[in-house]
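Trainee: I have a model open and would like to talk it through with you. Could we go over it piece by piece?

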Amino acid sequence: CHVSIDKAGKNVLVANYGGGSCGVLPVRADGSLAEMSSFQQLTGQGGTPEKPIPPRGHSINLSPDNHFAVCGDAGTDHVWIYKFDGEKGTLTPTEQAKVSPGPTAAPRHFAFHPSGKFAVLSCLDDSPRLVHQAYSHLAVIDLTSQPARMLYHLDVESLPEGMEFSPDGSQLFVGLTYAHRIVGYDVDGFR
């Protein structure tokens with residue numbers, strides 16, 4: 001479902017929606033991928049007792065310092081947090097292991113602020129409504145607190161997908177799938 005590459009270009013990190021997992025594939029000198037060096041099966045379930053939803057790895061992203069990876073799990077409504085070792089190509093669960101933006105939040109994409117102090121997570125409420133009418137929001141996570149915690153939610157008009165901060169961290173750009181456009185948000189106080 002989602003692929004990212006570490007800062008050194010030595011490893012490809014993958015999130016698997018159908019299998020509810022994430023992992024690391026080292027990049028060989030010729031550019032081909034080696035066997036998976038690390039595999040993490042996501043656990044738990046989301047949804048309701050009547051309609052349980054299995055883990056669904058939607059995206060995986062690396063922190064600006066290349067030391068942590070986060071995997072958005074649209075099934076269990078968690079963001080899984082791993083220590084990343086680029087030399088060994090491994091993911092190891094952190095002490096906190098996961099953070100939740102709320103029940104039925106269905107976290108999808110993740111963007112770290114360049115400062116490393118906070119991150120933004122795109123969410124889509126997986127309630128029984130039609131997906132284009134579902135409640136979408138951005139969850140802002142404080143990464144400096146222990147454990148990490150949600151600061152606030154920002155409602156958005158359409159399903160937020162890809163997100164990137166400007167290099168100086170002063171703006172966040174978000175692709176809105178059903179609105180067919182990209183919006184920019186000013187970021188105050190986090191430089």
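Trainee: Which strand holds Tyr 152?

Mentor: Happy to start there, and do keep in mind that this is a predicted model. Tyr 152 belongs to the strand that covers residues 149-156, and that is S14.

Trainee: Is Tyr 152 buried, partly exposed or exposed?

Mentor: Its relative accessible area is 44%. Buried would need a value under 20% and exposed one over 50%. Tyr 152 is therefore partly exposed.

Trainee: What is the area of the nonpolar surface patch with Tyr 152?

Mentor: Tyr 152 makes this patch together with Leu 151 and Leu 154. The area of the patch comes to about 240 Å².

Trainee: How many helices and strands does the secondary structure of the chain come to?

Mentor: Good moment to zoom out. The chain has 191 residues, 49% of which count as buried. Its accessible surface is about 9600 Å², with 54% belonging to carbon and sulfur atoms. As for secondary structure, the totals are 0 helices and 17 strands.

Trainee: Which residue in S2 is the bridge partner of His 2?

Mentor: His 2 is on the covered face of strand S1 (residues 2-5) along with Ser 4, while Val 3 and Ile 5 make up the uncovered face. S1 and strand S2 (residues 11-16) are antiparallel and joined by 4 bridges. The partner of His 2 in S2 is Ala 15.

Trainee: Which residue takes a positive phi in the hairpin of S1 and S2?

Mentor: There are 5 residues between the two strands of this hairpin. The one with a positive phi, near 75°, is Gly 9.

Trainee: How many residues apart in sequence are the parts that Lys 10 and Glu 87 tie together?

Mentor: The salt bridge count for the model is 1, and Lys 10 forms a salt bridge with Glu 87, their closest N and O atoms being 3.4 Å apart. Lys 10 is partly exposed at 39% relative accessibility, whereas Glu 87 is exposed at 67%. Lys 10 sits in the loop between S1 and S2, and Glu 87 in the loop between strand S9 (78-85) and strand S10 (90-99), so the separation of the parts they tie together is 77 residues.

Trainee: Is Ser 59 buried or exposed?

Mentor: Ser 59 lies in strand S7 (residues 57-62). Leaving aside neighbours within four places in sequence, its contacts include His 2, Ala 15, Cys 71 and Phe 110. Its relative accessible area is 0%, so Ser 59 is buried.

Trainee: Are the rings of Phe 110 and Phe 112 stacked or edge-to-face?

Mentor: The count of aromatic pairs comes to 2. In this one, the ring centres are 4.9 Å apart and the planes stand at 65°. Planes over 60 degrees apart count as edge-to-face, so Phe 110 and Phe 112 are edge-to-face.

Trainee: How many residues apart are Phe 118 and Phe 165?

Mentor: Their rings are also an edge-to-face pair, because the centres lie 5.7 Å apart with the planes at 85°. Phe 118 is in strand S12 (residues 118-124) and Phe 165 in strand S15 (residues 160-165), so the pair links distant parts of the chain, at a separation of 47 residues.

Trainee: What distance separates the C-alpha atoms of Gly 116 and Thr 144?

Mentor: Gly 116 is in the loop between strand S11 (107-112) and S12. Not counting residues up to four places away, Gly 116 touches Pro 64 and Leu 143. Gly 116 and Thr 144 are 28 residues apart along the chain, and their C-alpha separation is 8.3 Å.

Methods. Residues are numbered from 1 along each chain as its sequence is written. This is a predicted model: local features need pLDDT of at least 70, side-chain atom pairs count only at pLDDT 80 or more; totals for chains, interfaces and linings use all residues. Side-chain values use heavy atoms; hydrogens and water are left out. Rings of Phe, Tyr and Trp (its six-membered ring) pair if their centres lie within 6.5 Å; planes under 30 degrees apart count as stacked, over 60 as edge-to-face and the rest as tilted. Buried means under 20% relative accessible area, exposed over 50%, partly exposed in between (1.4 Å probe, protein chains only). Accessible areas come from the Shrake-Rupley method with a 1.4 Å probe; for residues, only the protein chains shown count as cover. Two strands pair if DSSP finds at least two bridges between them. Contact means heavy atoms within 4.5 Å. Patches are made of residues with over 30% relative accessible area and no salt bridge: like charges are joined within 9 Å, nonpolar side chains (Val, Leu, Ile, Met, Phe, Trp, Tyr) within 5 Å. A salt bridge is a side-chain nitrogen of Lys or Arg within 4 Å of a carboxyl oxygen of Asp or Glu.
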